[in-house]
Amino acid sequence: MKRLLNVHEAPIILFTILVTLLFSILSPDFMQVENIRLILDQNITMFIVAIGMTMVILLGGMDLSVGSVLAVTATSVGLFLSHGIHPWIAAAMGICIGVLCGMVNGYFIAVRKIPDIIVTLATMYIFRGIAVGISGGTWMTNFPEGFRFFGQGNLLGISFPLFIAVILIAIFIYVMKFTRVGRRVYSIGGNGPAAKLAGISVVRTKFKVYVLTGLLVGIASVIFAAKVGSVQASTAGSGLAFEVMAAVLIGGGSIFGGVGTIAGTMLGVLFMGIVKNGLIISKVSPFWVDAATGFLIILAIVINTLQRIRQNKGKEGDLV
Amino acid sequence: MSAWTSRLPLKGNKLIVQMLLLFVIIVLFSFLSPYFLTVTNIMNVLNQMVEVGLIAIPMTMIIISGAMDLSVGSILAFSAVCMGVAYERGLDIWISVIIGLLAGLLCGAVNGYLIARHRMQAIVVTIGMLVMLRGLVYVINQGRPISGFPDAFYFMGQQYVGGIPVNAIFLVVMFLLASFVMKKTRFSTYVYGIGNNEEVVRYSGISVVRIRFILFMLSGLFSALAGIFLVSRLASAEATSGTNIELDVITATLIGGTHIFGGRGSLSGTFVGLLIIVFLRNGLNLLGVSVLYQAVILGALLLLAVGNKKFNGE
């Protein structure tokens, strides 16, 4: 616990508390149990996607395509459902499509060694186009009752999506901390050449991480579709990548790779959720929400750089 | 795909291969559509390529210096809307234009300050600017389009001189100018140097911070310029203008042979890349392909261009 507070999560916890206090002063509706539950529920998609993004950023990479993968998956799940496929099977097939998208990213980034930013920029547009293509540009609605369980059902007293998210977060915190795969991700992000010399297959680990990200986005998009109840391929998940990336950076992840934790990212997502919810609940114009998100991204990178400077203070030479 | 790409003789003279690709595209579309190879259509293409082309100039320089600017589309919209709002408040149209340009310059300066002075990651900073400026655009004009500019202003985007669009002439002049700068001045040597080895440039006593700062300022200024030409061409300043333009710009630059890791590239290559992109888009438009499918094709082209280079570079 002491170590947790000591290094990375301290600034974000502080920020979250500050912002929470600010909004509770601005609006009496903010500090209600209902509202807090709403914040958690609204950001389930982001929580799940952020797990994958944390791993990608830990590698020193970046995935701009998550929003489009979400659109592709959600649309195809909608299509499966409209053809009368059983909800569980449709969900499973949707998750498989997410994995497939992750494999496409992974192939180009890890195997063909094209810079991640270019690959995911390209796939961001490619997947979005495919999503619109298969949906025919219409809204996907009228999901069957059985499917809505994924987004609105209750399990053991808490909502089903939250349940899934908590399980996933727990699994991945364990994976990243105590398993070989997790430590490999950290070592590649920390020092790629050294990791390679130590006998770690950089290609395979990178590929795995992108596939896992695809898997997580797949799960998130099933929940997203079931919760929202209607999916429009051209707008679903647009801007998601930027927001999730901001959350990771705010949560103490370093854009240079090798630094960051899942727990910190989750706090980052929570922080972003609180800011967005607070802005709306204190009746600021909704147009400001986007501007605030962008500002938070820049704030995150500022904090990130400051941290890096602080860490490197003792070392010889300049930062590049 | 790899077998096919590896056979392309890209390691030889890049420019010839690009010209060939352009030629293939033009021939292909002239077979597919009877309207493609008409003077009206070609002038139309020239008229439409100006925004992407103007932004591609500083983008090429920035990518050569080893960075990237993703915020150009939002800067474009921001300055267009700033100009529109200034005009609506009753200012003279040319003063409004200057205000728009200054707004773009300011955005570029913020980018430059954070990236050059404080050495923050260019991609993240510009993504932040992308989201923030797009939000600010909606804040400024509440999402409604601004129109009703005076006729004198439309001269920039809609008039023809000797059968050639004014803005296309302007673009070519800018390209020639920039090409001269990138070939003959010290500034260009520094830019290429930063892309190849930043350390060495700094140890040579050259201010890397200043060069990078200038590059991002240029990017902001040219994006603003593109925004103003766009407003002049479409006769309305909209909050959504310039969305996704960075895909076109970056694809044009990378197809044009600029290396994604910096240090190599040329503006003449970018110009050919630009022609490839605009003729491709125009041809697809004539065939009635939806904009989102066009994005799919452009995305694939982008992957191909970069993957190919990588393949040959090793």
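User: How do you know that the span of helix H9 of chain B agrees with its 19 residues?

Analyst: This is a predicted model, where local features need pLDDT of at least 70, side-chain atom pairs count only at pLDDT 80 or more, and totals for chains, interfaces and linings use all residues. Residues are numbered from 1 along each chain as its sequence is written, while chains are lettered from A and ligands numbered from 1 in the order in which they are written. Helices are DSSP runs of H or I with at least four residues, strands are runs of E with at least two, and both are numbered from the N terminus. The expected span of a helix is 1.5 Å times one less than its number of residues. For H9 of chain B, residues 166-184, that gives 27 Å, and the end C-alpha atoms are 27 Å apart, so the two agree.

User: What makes B:Asn167, B:Leu171, B:Ala178 and B:Met182 a group in H9(B)?

Analyst: These four residues are buried. Buried means 20 or more other C-beta atoms within 10 Å of the residue's own; exposed means 12 or fewer, and partly exposed lies in between, with C-beta atoms placed from the backbone. They cover an arc of only 45° around the axis, so they sit on the same side of H9(B). The arc is that of the directions from the helix axis to the C-beta atoms.

User: Which exposed residues does the face turned away from the buried side of H9(B) carry?

Analyst: That face has B:Val173, B:Leu176, B:Leu177, B:Phe180, B:Lys183 and B:Lys184.

User: How do you know whether the radius of gyration of chain A agrees with a compact globule?

Analyst: The radius is taken over C-alpha atoms, and the globule rule is 2.2 Å times the number of residues to the power 0.38. For 320 residues the rule gives a value near 20 Å; chain A has 20 Å, so it agrees. Of these residues, 51% count as buried. Chain A holds 15 helices and 4 strands.

User: How many residues does each chain bring to the contact between A and B?

Analyst: Chain B brings 34 and chain A brings 37. Contact means C-beta atoms, placed from the backbone, within 7 Å. On the chain B side, H7(B) gives the largest share, 14 residues.

User: Which residues of chain A does UniProt annotate as "transmembrane region"?

Analyst: The unreviewed entry lists several stretches, including 88-110 and 287-306. Such annotations may be inferred rather than shown by experiment; feature names are shortened, and positions follow the numbering used here. In the model, residues 88-110 of chain A are 100% helix and 0% strand, with end C-alpha atoms 32 Å apart. Residues 287-306 of chain A are also 100% helix and 0% strand, with ends 30 Å apart.

Definitions and conventions
Two residues are in contact if their C-beta atoms, placed from the backbone, lie within 7 Å.
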